[in-house]
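Please examine the sequence and the model shown below. The paragraphs that follow begin with the chain as a whole and then turn to particular parts of it.

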Amino acid sequence: MKVLIVLLLGLAFAVADHHHHHHDYVVKTHEDLTNYRTQCVEKVHASEELVEKYKKWQYPDDAVTHCYLECIFQKFGFYDTEHGFDVHKIHIQLAGPGVDVHESDEMHQKIAHCADSHSKEGDSCSKAYHAGMCFMNSNLQLVQHSVKV
């Protein structure tokens, strides 16, 4: 009997481990967002006035804000300057923990469309900003909801 239990436990860990690798993205929380906000505000030297706007999900089209959003997306693991956006990770964040995400989903298509339509922009900050605004415009409630928890 003992052997069976050990085997089952071993199997359970193997499955859990495999599952973990498949989704190596951990859904971020409001606390994460708040920490990232502080770090990114310092990085781009955003004014207090701008910070107040960011807290209300207002992102003016200016150079500081472009780089602020790029920083936020990088902290979330959604974006890097070399490869651009990771649509799958964004999808997992928006869908929430425990939801299986599929590339055929409408949401996945929307995210991919936003990422693609701005992938040719000159600098990394404006690319991240415009694609990010596109995500937010098409999925804002989800974006807000996903980090309110």
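Helices (H or I, at least four residues) and strands (E, at least two) are DSSP runs, numbered from the N terminus. The protein chain contains seven helices and two strands, and along the sequence these follow the pattern α-α-α-α-β-β-α-α-α. This is a predicted model, in which local features need pLDDT of at least 70 and side-chain atom pairs count only at pLDDT 80 or more, while totals for chains, interfaces and linings use all residues. Residues are numbered from 1 along each chain as its sequence is written, and side-chain values use heavy atoms, with hydrogens and water left out.

A residue is called buried under 20% relative accessible area, exposed over 50%, and partly exposed in between (1.4 Å probe, protein chains only). Of the 149 residues of the protein chain, 40% count as buried.

Helix H6 comprises residues 106-117. Which residues of H6 are buried? They are Met107, His108, Ile111, Ala112, Cys114 and Ala115. These residues cover an arc of only 160 degrees around the axis, which puts them on the same side of H6; the arc is that of the directions from the helix axis to the C-beta atoms. The face turned away from this buried side carries the exposed residues Glu106, His113 and Asp116. Histidine 113 counts as exposed because its relative accessibility is 53%.

Helix H5 (residues 87-95) packs against H6 at an angle of about 130 degrees, with the axes 10 Å apart. Contact, meaning heavy atoms within 4.5 Å, is made by Val87, His88, Ile90, His91 and Leu94 of H5 and by Met107, His108, Ile111, Ala112 and Ala115 of H6. Axes here are lines fitted to C-alpha atoms, for helices over the stretch in contact, and angles run from 0 to 180 degrees between N-to-C directions.

Most residues other than glycine have a negative phi. Histidine 45, however, has a positive phi of about 55 degrees although it is not a glycine. Histidine 45 lies in the loop between helix H2 (30-44) and helix H3 (48-55), and it counts as exposed because its relative accessibility is 67%. Tryptophan 57 also has a positive phi, near 60 degrees. Tryptophan 57 is found in the loop between H3 and helix H4 (63-76), and at 21% relative accessibility it counts as partly exposed.
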